[in-house]
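Please keep the sequence and the structure in view while reading.

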Amino acid sequence: MVLAIIGVILLVGAAIAVAFAVRGKRRWQAMLGTETSTAAELTAELTTVRELGGSAFSRISEVTGTAAPGPIGELKSELAELPCIWYRYEIRRRYWDTSTDSDGNRSRTQRTETVAKLASTQPFRVVDATGSVLVRPDGLAIDHAERVLDQFDPDQGTSSISFLGISIGMRSDTIGYEREEWIVRSGTPLYVLGEARDQGGEVVIGKPASGVHVISTRSEAELRKSTQRTQRILMWSALAAVVVGIVLLVAGAVAG
């Protein structure tokens, strides 16, 4: 019975690995099939569409350049309070999970749960030699952003702890809180793949209605190489999991 259960778990894991590999392939194909445009080219295309009175400007595009503040100016990250054009943070509670088995034996396992997370949504600019375009992160976690905070705050025996001006009650099973934050500073090189649209006469690139959305501090070449490598690892891992899973299912059936 135990062998069969492990076999099923491996087969489920293989299916998940294949799903991630397929998603990685779509991302790689999208990057390969989209030609890099300059800010000036996208702006000229938008202007032409507006002058001809055509339908709304919209197309999948990719741009490269350096990050710059958007319309509201530079931001300040929530936890580290550093100047940036984008930030994301996550706060997790680390706690003891106590369980009792069928014989009445109690055991404790460390677990974590996310209590707060947020990514900034304010648009920023990507500037190249020809001009700039606005970019909306649309909740995306920017690839390879700079991690500026990785901190653990242990339980000091107090009744509460404060984050972002909010007091959180400390439960008796709490070990402490993990805090992480990532930012993108002005001047950071960026690669962006998304859907370019008309926003009040200006080009803005954001999440496509359907398709791939990528914002990364890595170059397109680096992303392609990394995606292909991860895809191969996932597919080989899935194949191995399927083989072992089937063997364990058969062994479990024979043993049962």
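This is a predicted model: local features need pLDDT of at least 70, side-chain atom pairs count only at pLDDT 80 or more; totals for chains, interfaces and linings use all residues.

Rings of Phe, Tyr and Trp (its six-membered ring) are paired if their centres lie within 6.5 Å. By this rule, the count of aromatic pairs is zero.

**Salt bridges across the chain**

- Side chains of opposite charge can pair when their charged atoms come close.
- With a salt bridge taken as a side-chain nitrogen of Lys or Arg within 4 Å of a carboxyl oxygen of Asp or Glu, the count comes to 18 salt bridges.
- One of them joins glutamate 202 to arginine 125, with the closest N and O atoms 2.6 Å apart.
- That pair links distant parts of the chain, since glutamate 202 belongs to strand β13 (residues 202-206) and arginine 125 to strand β6 (residues 124-128), 77 residues apart.
- Glutamate 202 counts as partly exposed because its relative accessibility is 28%, and arginine 125 counts as partly exposed at 22%.
- Arginine 218 and aspartate 143 form another salt bridge, in which the closest N and O atoms are 2.8 Å apart.
- Arginine 218 lies in the loop between β14 (214-216) and α3, and aspartate 143 in the loop between β7 and β8, so this pair ties together parts that are 75 residues apart in sequence.
- Arginine 218 and aspartate 143 are both buried.
- Aspartate 138 and arginine 136 also meet through their side chains in a salt bridge, at 3.2 Å from N to O.
- Aspartate 138 is partly exposed, with a relative accessible area of 33%, and arginine 136 is partly exposed at 23%.

- A network of salt bridges links Arg88, Glu90, Arg92, Arg94, Arg147, Asp150, Glu178 and Glu180.
- Within strand β11 (residues 174-184) lies glutamate 178, which is buried because its relative accessible area is 14%, under the 20% limit.
- The side chains of glutamate 178 and arginine 94 are joined by a polar contact of 3.0 Å.
- Arginine 179 also lies in strand β11 and is buried, with a relative accessible area of 15%.
- A polar contact of 2.9 Å connects the side chain of arginine 179 with that of aspartate 153.

**Charges over rings**

- Arginine 94 lies over the face of phenylalanine 152, at 4.1 Å from the ring centre.
- Arginine 88 lies over the face of tryptophan 182, at 4.1 Å from the ring centre.

**Surface**

- Trp236, Leu239, Val243, Val244 and Val247 make a nonpolar surface patch of about 510 Å².
- Valine 243 is found in helix α3 (residues 220-255) and counts as partly exposed, at 47% relative accessibility.

**Backbone and spatial neighbours**

- Glutamate 81 has a positive phi of about 55°, although it is not a glycine.
- Glutamate 81 is placed in the loop between β2 (75-76) and β3 (83-84), and it is exposed because its relative accessible area is 54%, over the 50% limit.
- Histidine 144, also a residue other than glycine, has a positive phi near 55° and sits in the loop between β7 (131-135) and β8 (146-154).
- Aspartate 198, in strand β12 (residues 189-199), is partly exposed, with a relative accessible area of 29%.
- Aspartate 198 and serine 58 are 140 residues apart in sequence, and their C-alpha atoms are 7.0 Å apart in space.

Definitions and conventions:
Residues are numbered from 1 along each chain as its sequence is written. Side-chain values use heavy atoms; hydrogens and water are left out. Patches are made of residues with over 30% relative accessible area and no salt bridge: like charges are joined within 9 Å, nonpolar side chains (Val, Leu, Ile, Met, Phe, Trp, Tyr) within 5 Å. Accessible areas come from the Shrake-Rupley method with a 1.4 Å probe; for residues, only the protein chains shown count as cover. Helices (H or I, at least four residues) and strands (E, at least two) are DSSP runs, numbered from the N terminus. Buried means under 20% relative accessible area, exposed over 50%, partly exposed in between (1.4 Å probe, protein chains only). Rings of Phe, Tyr and Trp (its six-membered ring) pair if their centres lie within 6.5 Å; planes under 30 degrees apart count as stacked, over 60 as edge-to-face and the rest as tilted. A charge sits over a ring if NZ of Lys or CZ of Arg is within 6 Å of the ring centre and within 35 degrees of the ring normal. A polar contact is a pair of N or O atoms within 3.5 Å; within protein, one must be able to donate a hydrogen and the other to accept it, and residues adjacent in sequence count only if both atoms are side-chain atoms.
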